[in-house]
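Reader: Please take a close look at a single part of this model. I would like one connected account.

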Amino acid sequence: MSALPQPQTRAAWKALELLAAQGVPSIAELLTSKERENQFCASAAGLTLEYDHQRVSSKILDGLIELANQSQVMQKAQSMFQGEPLNTTEARPVLHVALRGSHEPSPPWGGEIAQAVSKEIERFCDFAQQIRGLNMKGHTQQSITDVVNLGIGGSDLGPRMACEALQDNPQYSHPVRVHFVSNVDAWSLYSTVKGLNPEKTAFIVQSKSFSTQETMLLARSAKEWLKASGCPEEKLFQHLIAVTANPKAAQMQGYLPQQTFHLWDWVGGRYSIWSSIGLPLAIVIGSDGFKDFLAGGHAMDQHFLSAPAKENLPLLMALLGIWNRNFLQAPTHLIAPYHYPLAKFTAFIQQMDMESNGKQIHHDGTKASIATGPILWGGLGNDGQHAYFQLIHQGQHLIPVDFIGQRLSTCPMPGSQEHHRLVVLNLKAQRKAMALGRDPTQTHKELLQSGLSAQQAQALTPHRTFQGNVPSSTLWFDELDPKTLGSLIALYEHKIFCQSCIWDINAFDQWGVELGKKMALELDDLHHKA
C-alpha cells in the first residue's frame, strides 16, 4: 500500500481543524435536536452505541468520515484480514481475526492458517472439557480441582478479565476453580497457592517465547511448591500445562506434548485471548461457551468489514476518539462499566490501547507532530462516581467517557432488580450531569430554594457550578454472555486499529515494553557476574 501524507497534512484534517477553531456547539445545544437521539445511535452484534452526548455535529461527523477515507482505514482493514504484514517493524501479519473466523469456507487469510487454527482450538477446548469433567489427574491420581494461570500482560489480563466477567453465570457452573498469578512478587504466588491442595492443583504456564523472565520464575517456584508437598520430580509435569509459540522450548523443559498448546507469532499478546491463551476461559465456560465467545468476535469482524461508516461501531468510536484527542485536545479517556462482572475490563483495554497506540513514530520513521494514543484509565462507574468523577465534573482536564451498561437484570440474587435499577439510573444521571452541568444562574436559584440566604448562595455558587460539556458515549447490551463479551472486545480491538491508521503508527509492536525486559535481563546478568 502506497505511503500516505502525514495526518495533519491531509485535507480532511485541515478542514476539521477549521471546524474546531470556529467553535463547536455545546452538548446542551446539540441535544435540543429531537432527531439527534436516533441519528447518533448505531447497533450491531448485540451492542448498541449511543453517541448523541458527544460534541459532534453532522457536519463534523461527515468530516471525520472523510478523514477515515483519506487515511485508507478500511483498505488497511482488508489488508489485515488478508494477512499482509501490517506489523511493519517485525515484518509480521496481524491475524488475531483468524482465531475467531476460521470456520468460514474461504477465509481471506487462506486455508492453511484456517486449518491449523481450527485444529488447535479443538485441542485446547477438548482439554478444557477434560479438566471440567475432573479427568485430569495429578501425581496421586486425584482429580485436578484448581488451575492456576501463570502469565503476565496479554497472557494474564485478557483471560483473567473474561473469566471474572463470566464465571458467576450459573449456566457455566463446574467443579474446577481457576486462579491467576501475574506479579513476580513471591507474595502474589504464595497468597494464591497457600489454601490449595498441591495434589489437586495444576499450573498453566503462558509465555509466547517461553522465556519471559517473570513467568519462568513463577513456573520454577510452582514446581518447587509441588515438590515440597511430595510430588516426585518425574511426575511434576502431570501438574503443568504450557501455552506458547515456542513448543520446542517447552518440551525441552519437560512439558508433555499432549499438555502443550500452540499459538502463532502473528498473534500479539494483547490480542491473544482468542487463542490457546484463552484456555482458562474455556475451562470456566466450557467448549461451547468458548466457541460462542469466538462467534461474538467474528460477528463484530463481519460488521466492521461490511457496515457503512455511519453504522460502523468500531469506526465511529475511533473517529469520536480522534475528534476528542486531536481537535478538542483531550489528553485522556475514561472507560466506566456500570456492570460489576466487567470490573477488570478497563485494565484489559488499557493495555490493548496504550500498548498499541502509545507511539510517537510514523510508519516511515518520522516523529509524529500530532497527539496519538490518549491516557486510558477508569474502572467500575458506580465506584468511580464516589471518587475520581469529581475531577471529571469540576477539574481542569477534559476527559471523554465511555459508559458501558447492561439493560437487563440477570443476577439470581433476590432483590437484584432494585439493585440493577439503581445502577442504570446512576449511569444515565452521570452521563446527563457531565453533558449539561449546571450554570451559575441555575445553581444560585437552587441554593436560594434550599433555604440559604442571598449572601450564602452568592458565596457558594462558584463552588457548586458545573461547566458540563463533557463528551461521552454509551455502549449497551442486553446480557453479558460469551458472545456479547466477544463482540465487545473485538469492537475495541478494531477501534484501536482504526485510530492507528489515521495517526499512521504501528499498533502491533511494543518496543517500549521490550526495552524494559531487555534492561532487566542486563541488570540480572551484571548481578550474577558481580
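Author: Start with Cys163. This is a predicted model, and in it the closest cysteine sulfur to that of Cys163 belongs to Cys125, 13 Å away. A disulfide needs two cysteine sulfur atoms within 2.5 Å, so that distance is too far for a bond. Cys163 is also buried, at 1% relative accessibility.

Cys41 is another case. The count of disulfides by this rule is zero. Cys41 is in none, and its nearest cysteine sulfur, that of Cys498, lies 19 Å away. Cys41 has a relative accessible area of 28%. Buried would require under 20%, and exposed over 50%, so Cys41 is partly exposed.

Now strand β5, residues 201-206. Six of its six residues are buried, so β5 is largely enclosed by the rest of the structure. Take the faces in turn. Thr201, Phe203 and Val205 lie on one side, and they are buried. Ala202, Ile204 and Gln206 lie on the other, and they are buried too. Both faces of β5 are therefore covered.

Next, the pairing. Strand β3, residues 146-150, runs parallel to β5, with five bridges between them. Asp146 sits opposite Thr201 of β5. Strand β6, residues 240-244, also pairs with β5 in the parallel sense, over four bridges. There, Val205 has Ala242 of β6 as its bridge partner.

Terms used:
Residues numbered from 1 in each chain as written. Predicted model: local features only at pLDDT ≥ 70, side-chain atom pairs only at ≥ 80, totals over all residues. Heavy atoms only, no water. Buried < 20%, exposed > 50% of the residue type's maximum accessible area, 1.4 Å probe, protein only. Helix = DSSP H or I, 4+ residues; strand = E, 2+ residues; numbered from the N terminus. Pairing = 2+ DSSP bridges.
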